[in-house]
Amino acid sequence: MGTAFRIICLILAFHIVFEQSTINASRFKFTNFVCDSVDESWISVHKCRLKAIRRDKTTLSFNGTLRKTARNIRVHGQIFKRASGFKPWLYNITIDGCRFLQRPYNAPVILVYNLFKQISNLNFTCPYEGPVYVMGFHLSGEGVPVPLPSGEYLISIKWYIDKVLILSTGIYFSFEENLS
C-alpha cells in the first residue's frame, strides 16, 4: 500500500505541475525579418534571416558591416499591430543610440536591449565602426517582457547616422496568449 500510494501521489503531482504550466502558456513566433540597406556606402548587410529550428522555435540573425565611423546614431522604433493592415500601436520611440549605449535611459528600449545584449555586439559606445551582429535570437512566449494581446505585430526599426537613413529593419511576429 505504501508504494502504490507514493506512485499515485507522484502521478498526481506531475499532473498538477503539468496543468499549472499550461494554464499561463503563450506562444511567440517570428514570421518574417526584412532588412533594407538604404545607403550601401554606410552599411553592408551580409545576413538578414530567420531560421526555423523546430515548428515552435525560429531564430533571428543579422550580420552587417558598418563601413564608416559612426558618431551620431539615431534609432527610431515603432510597433504596429495587424488589424485590417498594420496600424501604429502603443510605442513610437526615437533614441540617441550613442547616448543610450553609454547610459541606457528609456525603459521600453532597455527591456528590448536586455533581450539582445548577450547575443550581439551592440555593446560598444560611439564612435562605432566594423561588424554588427545579432546571432540566433529566440524568444519564448514567457520571455516577452510586456503583456501583449494575441495578434500579429511588426516592429519597425530605422537606423540613422548624421540624420541620414542608412538601414530599415522590420521584425514580424505573432503572439498568442493563454493557450490551453
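These legends accompany close-up views of a predicted model. Residues are numbered from 1 along each chain as its sequence is written, and side-chain values use heavy atoms, with hydrogens and water left out. Local features need pLDDT of at least 70 and side-chain atom pairs count only at pLDDT 80 or more, while totals for chains, interfaces and linings use all residues.

**View A. An open sheet of three strands.** The strands, which are DSSP runs (E, at least two residues) numbered from the N terminus, are ordered S2-S3-S6 with antiparallel pairing; two strands pair if DSSP finds at least two bridges between them. At the edges, S2 (43-54) and S6 (128-137) each pair on one side only. Ten bridges join S2 to S3 (residues 57-70). Look here for Leu-50, which stands opposite Leu-60 in S3.

**View B. A salt bridge between Arg-27 and Glu-176.** A salt bridge is a side-chain nitrogen of Lys or Arg within 4 Å of a carboxyl oxygen of Asp or Glu; here the N to O distance is 3.9 Å. Arg-27 sits in strand S1 (residues 25-37) and Glu-176 in strand S8 (residues 164-179), 149 residues apart. Arg-27 is partly exposed at 40% relative accessibility (buried means under 20% relative accessible area, exposed over 50%, partly exposed in between, with a 1.4 Å probe and protein chains only).

**View C. A salt bridge between Arg-82 and Glu-152.** The side chains meet at 3.3 Å, N to O. Arg-82 belongs to strand S4 (residues 73-82) and Glu-152 to strand S7 (residues 151-161), so the pair ties together parts 70 residues apart in sequence.

Notes. Helix = DSSP H or I, 4+ residues; strand = E, 2+ residues; numbered from the N terminus.
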